[in-house]
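Please read it alongside the structure.

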Amino acid sequence: MTELLRLTDLKKSYDGKKLALDGINLSVQSGEFIVVIGPSGAGKSTLIRTINQLVRPTSGTVYFDGCELTSLKGRALRKKRGDIGMIFQHYNLIGRTNVIKNVLHGRLSRMPFYKSLLGLYPEIERSQALNLLKTVGLEDQIYQRASDLSGGQMQRVGICRALMQEPKLILADEPIASLDPKSADIVMDQLKTITTRRQITCIVNLHQVDYAKQYATRILGVKEGKIVFDGPPEALSTKITAAIYAGKEEQMSLTGTENKDNKAAIKEITPTVPNEATIPNATELHAPLVNSTAVVASETALSTATKETGGLAL
């Protein structure tokens, strides 16, 4: 295996005082399926988001695929982010847009800006999106609005969107935290199976130790912004786990239930300023995605909600 990702003395402070990340050093090899565990506030989400530079570190370096991401800005950074897929806890789908279009958004970083506004996806990419949805068992939902899906179904759409990028690395930030156990099993099974089959490196944040041991090839334990455990699942003892979650033991298992009100969990897009881009709801898959609210002056006018999807190069 070859090194795909390296973090060197990574630190992040949001207030200039307390460190959310405190000297993280990490090397990730191609093909690994890493699960990061730890209680709320440990720094897991900050760690994930500094990798793709959604959060800029206070100091330290991030090397990805032979390139120092922390030194990149603008177009160069957006291009490199296209090789990193992102799966979010609250899905970050466009609720009033149908399922297959949400998946196709994973190609936005690979296509000219005007084509992305008009929804001019090549037929081969539409076929790829449909095949991905078949792989995760959602071929009967391709024309449904994303907001009408269950939480588990929405997360599977999020996986497909990330895979449409053809990424070298997928980051998943608490992908099962809002799901019931059955849906969580389905999502983790498919995420592990598909990334392993495609030899895509994957880093997943989880609270749940049992899921980490079941799916990870390597586990990282994070506490107070530091990596306090790094090893194979079989090396994660009860004593080590207790030390990582001390005082927050209730977070070690999946106890939440699936959010039935999906509208609250999805970031809907609404035009709030004259130059903000929106993606309208066309009634047919092949209809052009364009109307008066879809016209923007520049690439930077894309809405914040759309930027947060794993498919858009920021």
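1. D65 is partly exposed, at 29% relative accessibility; buried here means under 20% relative accessible area, exposed over 50%, and partly exposed in between (1.4 Å probe, protein chains only). The model is predicted, so local features need pLDDT of at least 70 and side-chain atom pairs count only at pLDDT 80 or more, while totals for chains, interfaces and linings use all residues. Residues are numbered from 1 along each chain as its sequence is written, and side-chain values use heavy atoms, with hydrogens and water left out.

2. The partner of D65 is K80, and their side chains form a salt bridge with N and O 3.4 Å apart. A salt bridge is a side-chain nitrogen of Lys or Arg within 4 Å of a carboxyl oxygen of Asp or Glu. D65 sits in the loop between β4 (59-64) and β5 (67-68) and K80 in helix α2 (residues 74-81), so the bridge ties together parts 15 residues apart in sequence. Helices (H or I, at least four residues) and strands (E, at least two) are DSSP runs, numbered from the N terminus. K80 is buried, at 16%.

3. How many salt bridges does a search of the whole structure find? The search finds ten. Among them is the one between D22 and K226, at 3.7 Å from N to O. This pair links distant parts of the chain, with D22 in strand β2 (residues 19-29) and K226 in strand β10 (residues 226-231), 204 residues apart. D22 is partly exposed at 26%, and K226 is partly exposed at 42%.

4. R107 and E166 also form a salt bridge, their closest N and O atoms being 3.9 Å apart. R107 lies in the loop between α3 (99-104) and α4 (113-118), and E166 in the loop between α6 (151-164) and β7 (169-173), so parts 59 residues apart in sequence are tied together. R107 is buried, at 9%.

5. E32, R218 and D230 are linked in a network of salt bridges.

6. The structure holds one aromatic pair. Y211 and Y215 are stacked, 6.2 Å centre to centre with 10° between the planes. Rings of Phe, Tyr and Trp (its six-membered ring) pair if their centres lie within 6.5 Å; planes under 30 degrees apart count as stacked, over 60 as edge-to-face and the rest as tilted. Both tyrosines lie in helix α8 (residues 209-215), four residues apart, about one turn of the helix. Y211 is buried at 5%, and Y215 is buried at 5%.

7. K12 lies over the face of Y14, 5.1 Å from the ring centre. The charged end of K192 sits over the ring of F33, 5.3 Å from its centre. A charge sits over a ring if NZ of Lys or CZ of Arg is within 6 Å of the ring centre and within 35 degrees of the ring normal.
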